[in-house]
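Work through the exercises below with the sequence and the structure at hand. Each task is followed by a solution in steps.

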2 protein chains.
Amino acid sequence: MQSRYFTINDFPQGTPARELFELHEAELTTLAEGEVRIRNTWLSVDPYMRGRMSGVKTYIDPFVIGEPLEGAAVGEVIESRDTRLTVGDKVRHMAGWRDIAQLPGDQVEALPDIEVPEQTYLGVLGMPGMTAWTGLNRIAGMRDGDNVLVSAASGAVGSLAVQLAKARGGTVVGIAGAPEKLAWLESHGIQAVSYRGKDAQQLTEALQAVCPEGFDVYYENVGGVCLEAALNTLRVNGRIAVCGMIARYNAEGPMPGPSNLPMVLIKRLRMQGFIIFDHWSDYPRFLEEVGPKVANGEIDYAETVEEGLERTPDAFLALFAGTNTGKMLVRL
Amino acid sequence: MQSRYFTINDFPQGTPARELFELHEAELTTLAEGEVRIRNTWLSVDPYMRGRMSGVKTYIDPFVIGEPLEGAAVGEVIESRDTRLTVGDKVRHMAGWRDIAQLPGDQVEALPDIEVPEQTYLGVLGMPGMTAWTGLNRIAGMRDGDNVLVSAASGAVGSLAVQLAKARGGTVVGIAGAPEKLAWLESHGIQAVSYRGKDAQQLTEALQAVCPEGFDVYYENVGGVCLEAALNTLRVNGRIAVCGMIARYNAEGPMPGPSNLPMVLIKRLRMQGFIIFDHWSDYPRFLEEVGPKVANGEIDYAETVEEGLERTPDAFLALFAGTNTGKMLVRL
C-alpha cells in the first residue's frame, strides 16, 4: 500500500514559501508485530510546527529534511498487529501530514467515547484545548472573577481560553484582527479588541477602554505589541501564561522584547512559559471537565477547514497569515 | 531643636544631578503624644529610591518636591512620648535623609538583640538582606544543589544572595564590574564574571564557560545584557526572581527588552517580580536564620561608607555609578 506524505526540503528563514513543502509517495513496509495502519481522516496544522522547521532542537526535535513531517491526526485503523486495536477503531496519533500512517500501536490512542465530531480531538478536545485549559488553570492559576485577557483569541487555543475564562465570571477581553474573528468573539460575550493598525500605546488604551480595572491574567499567544499592552494593563500580582509568541515565529532575526518589561517588577507579575507535553498527565481531567460541555453545546468551537492532503501546506501557512478562525484543519 | 534634611527640587529625567538635592534646616515641633525624637546614626541609600523621584506612583508613593526625602535609618531615641520606647533605645525607621527624625512611635522598631553592628540592620540584616533571602527562597524556590546566577552580585542584595545560594551546594556565579568587586566574590568562593565590555552574546559565553550545565535560578538586579545572557543560560524549568532592573532606572526613554524573551517559552521559565514590602511578615524568620550567621561571621558583608549628612546625595548617586561594594551607607 502507498502512503503519500509531505516533507520539507530546507530549514527556512523567515516566512516559509509554499515551495518548501514537497509531496512524496512511498510503498509502506509489511506491517510488523505491534504496528497498526491508519487511514487518516483529519490532519492538524499548528503554529508550533514552525519551530520544528528551524533545524534546532528546542523542546522537541526538529523535523528532518526529506523525512515525513509529523503532527496530530485522527483516522481509522485499517490493519492492525496490535491486540489493543482493531480495524475500524477511531484513533489519534502524531503521524500526520500524510494520508496513510503506519506506526507502533503504543503511539496510537483510541478516541474517547463522547458524542462529538472526531476532528474535535485535534482542536477543542485535543492539544489546543488542553493547552488553553492548562495555561489558565495550571500556569496562571485563574480564580473566579478574574479579569482575563487573551491574544489570538479566536484561534484554536484562544477560542477555548476565552470561553473557559468567561465561565469564571470576570471580564474577558480577546485580541484578534479580522472583523469576522471579532464578531465571533462578541457573539460569545467576549469583549473584542482589534490589534490592527495599533501600536502598543494605542492597544493599551483600547484595552483600558473595555476593562478599566485591568487584568488579573494574560494568556499569551502572540508577543510583540500584545505583550507590551498586556504588561501595561495587568493589575498588581497579575499572572501571564506564555503559550506562544507567534509574532516572532517567522522573524528573520532577533526582535527586541517589550520596552516595559520592568512592569514585571513594579506590578509583581509572574510570567511563566509552558509546553503542553509536560502536562499531558492532566488530559483525562481536562477531558472530563470540558468534553461534556462541548458535547452539549455549552462550549462552542470554530473550525477552518482545507480539503485534501495536497492543501496541508496551505493550511499551515494560513496560520501565520491569520486567516483561520478557530482550529485550522485538513479534511482528507 | 533643629533638623537638617534633604529634599529634591524637581523630578529628574535620566541620571539625577547633584544639584537636584537641597539641604534644609527646620525647627522641629514640640513632641506630640505618641511621638519620638531620634538622632540618626546611619542612613541607607538604595536604588529603589530612584523610582520615588519620578513623580509617578508605582508600588510606593513618589517623593514630594520640597518635602524631606525618606529612607531607612538607624539611630538612638533622644526624647520619647511613646511608652514603648525610652531614651537611649537603638531603633530603625524610614525617616532617613536627615539628622534628627521625629515621628510616631508606631513607625519605629527597636533593633533586635543580636551582637552585630547597628548598621547591619540597614544592610545584610535589613531590607537588602531580606530582599536577597525572599527572592531566592520565596520567589525562585531555590533548592539544594541549584546552580544560581546573581547580577549586581557584590551589591547590598547580591552579596548576601550569592552566600545564601553557595550554602545550598550548587555552582554560584556572580556578575559584577570592578576588579575589587570580582575579587570580593572570588574570595567568597563565588565564580565571578565581569559584564564590562561584553555584549549579551559575549556575556552568555562567559557564563557558559564557568557553568556549562546552566542555571536553575537567576536573581535579577540589573536587566539589560545580564537578563539576556541569563535567559540564554538558564536550564529548562529555571526560575527568575526579579528584584530590580537598575540598568533602566536612569533611562531617559523606553529601552527595548531582551530579544530572546521566547526562551521563557522554550525553556518553560518562570519569571516573577516582587517587592519586599509585600513579604515583610517573613522578617522574623529571616532574622532567625541569617542573624546568627552574621553574628558568628559565617555570613560576611561588605560596606561602602560616606561620612556626614552632607554626603547623602553623593552616596545615593554612587549606586548608579556602581562604585560601592556591598551596602552603601552614610554615617552621621
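Helices (H or I, at least four residues) and strands (E, at least two) are taken as DSSP runs and numbered from the N terminus. The model is a predicted one.

**Exercise 1.** Find where R268(A) lies among the elements of chain A, and decide whether R268(A) is buried or exposed.

Solution. Step 1: R268(A) falls in the loop between α6 (263-266) and β13 (270-273) of chain A. Step 2: the backbone of R268(A) has a positive phi of about 50 degrees, although the residue is not a glycine. Step 3: a residue is buried if 20 or more other C-beta atoms lie within 10 Å of its own. R268(A) has 20 C-beta neighbours inside 10 Å and therefore counts as buried.

**Exercise 2.** Determine what rotation superposes chain A on chain B.

Solution. Step 1: the superposition takes a rotation of 180 degrees with 0.0 Å of shift along its axis, and the RMSD is 0.0 Å. Step 2: the two copies are therefore related as by a two-fold rotation axis. Step 3: within chain A, the C-alpha nearest this axis belongs to G257(A), at 1.9 Å from it. Step 4: the same surface serves both copies, as 100% of the contact residues of chain A recur in chain B.

**Exercise 3.** Describe the side of chain A that touches chain B: how many residues are in contact, and which elements give two or more residues?

Solution. Step 1: the contact involves 28 residues of chain A and 28 residues of chain B. Step 2: on the side of chain A, the elements giving two or more residues are α6 and β13. Step 3: β13(A) gives the most, with four residues. Step 4: by type, the residues on this side of chain A comprise 16 nonpolar, seven polar and five charged.

**Exercise 4.** Work out how β13(A) is joined to strand β13 of chain B, and name the bridge partner of Q272(A).

Solution. Step 1: three bridges join β13(A) to strand β13 (residues 270-273) of chain B. Step 2: the two strands run antiparallel. Step 3: Q272(A) has R270(B) as its bridge partner in β13(B).

How values were computed
Residues are numbered from 1 along each chain as its sequence is written. Chains are lettered from A and ligands numbered from 1 in the order in which they are written. This is a predicted model: local features need pLDDT of at least 70, side-chain atom pairs count only at pLDDT 80 or more; totals for chains, interfaces and linings use all residues. A residue is buried if 20 or more other C-beta atoms lie within 10 Å of its own, exposed if 12 or fewer, and partly exposed in between; C-beta atoms are placed from the backbone. Copies are superposed by least squares on the C-alpha atoms of residues with pLDDT of at least 70 in both. Two residues are in contact if their C-beta atoms, placed from the backbone, lie within 7 Å. Ala, Val, Leu, Ile, Met, Phe, Trp, Tyr, Cys and Pro count as nonpolar, Asp, Glu, Lys and Arg as charged, and the others, Gly among them, as polar. Two strands pair if DSSP finds at least two bridges between them.
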